Structures are given as C-alpha cells and as structure tokens.
Amino acid sequence: MTNDISFEEISYDLAYHGSDRALELAIIETIQRLPQEVARFALDQCRFLSVGETSFGTTLPGRIASDWQGSTENMWLLLLAEGMPGDDIHSVVAHEIGHAWLKHDRLSPNVPDDCEIQTANLVRDWGFTGKGANADYCHIDIHQPSSG
Ligand SMILES: [Zn+2]
C-alpha cells in the first residue's frame, strides 16, 4: 500500500458504474497501491465504466463524468472490460488511470506517439506488473479486444 486512504474511503468515493463486483474490488485494490496524489485523482476525476455480461451495450449519461459541482472539465471516463484475468487486472486498471493522469486525450491530434510506452513505464514505476505495465505489450494491443 502506497497511500493512506483507507479501503472504506476508496469504496465510498469510487465512481464505478457497472456490475462486475470482482472488477470493482480490483479497482479499489489498484487505487490502494497508487501514490497518494494519483489515488486522489482517480477518485475525484475518474469515472469507471464496464458493460455487464448480460448486456450487449449500455448507454450512460455524460453527467456521470461531472465533478461534485457538475463540471466535466478535467474529468475522465475509463471504460474497462469485465472478466479480466486476475494476473493482469490491476495493471490494466492502473494503465487506464495512467493515461488520464498523463492527460492522454486519444480524440486529440496532440496525443503523443509514444503514449503507450509512457503509460506502461509509469505503471511499472508505480510498482505494478502485468500487461498494463509492459511497454512491449501495450505498444501492440492492450486497447484492442482480446483475441483469446
Ligand atoms: Zn494504453
């Protein structure tokens, strides 16, 4: 654990919109392992989404990405796969938080070419192992649907 935010406080402050309880727990565990200022960022400025296994898709209102004052400025939506393998889930969650932390707006032409490498290395520096912390893997296809 690399910050002093309690499990209970993270559970309370986390904005997770989905139905995968294992994923929710993994997000909480991931945030517990982040440096303090990044953990606070993840709780205050990130909204975590996943689409349930019984649903083909879910439409969610943009206001879920607003802060407590209703502003969407500097807020991030993190869409996560459900049923991720336990070996990789924490590093993948940390990886998506890393993109938000580094302000990688993939809809902007200004996103750096090496954003995957930057993010994977940051996640490794945070102490995670697995696909989300592996620059070689992230460079190829961490954001593509799993092939198996
Ligand atoms: Zn990435």
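**Contacts and helix packing in a predicted model**

Residues 24 or more positions apart account for 63% of the contacts in the protein with a separation of 6 or more; two residues are in contact if their C-beta atoms, placed from the backbone, lie within 7 Å. The model is predicted: local features need pLDDT of at least 70, side-chain atom pairs count only at pLDDT 80 or more, and totals for chains, interfaces and linings use all residues. Numbering starts from 1 along each chain as its sequence is written.

Student: In what order do the elements of the protein run from the N terminus on?
Tutor: Helices (H or I, at least four residues) and strands (E, at least two) are DSSP runs, numbered from the N terminus. The protein has six helices and three strands. Their order is α-β-α-α-β-β-α-α-α.

Student: At what angle do helix H4 and helix H5 pack?
Tutor: H4 covers residues 89-101 and H5 covers residues 115-125. Axes are lines fitted to C-alpha atoms, for helices over the stretch in contact, and angles run from 0 to 180 degrees between N-to-C directions. The axes lie 9 Å apart, and the angle is about 120 degrees.

Student: Which residues of H5 make the contact with H4?
Tutor: On the H4 side are Ser-91, Ala-94, His-95, Gly-98 and His-99. From H5 come Thr-119, Ala-120, Leu-122 and Val-123.

Student: How many residues of the contact of H4 with H5 are charged?
Tutor: Ala, Val, Leu, Ile, Met, Phe, Trp, Tyr, Cys and Pro count as nonpolar, Asp, Glu, Lys and Arg as charged, and the others, Gly among them, as polar. The contact has four nonpolar and five polar residues, and the charged count is none.
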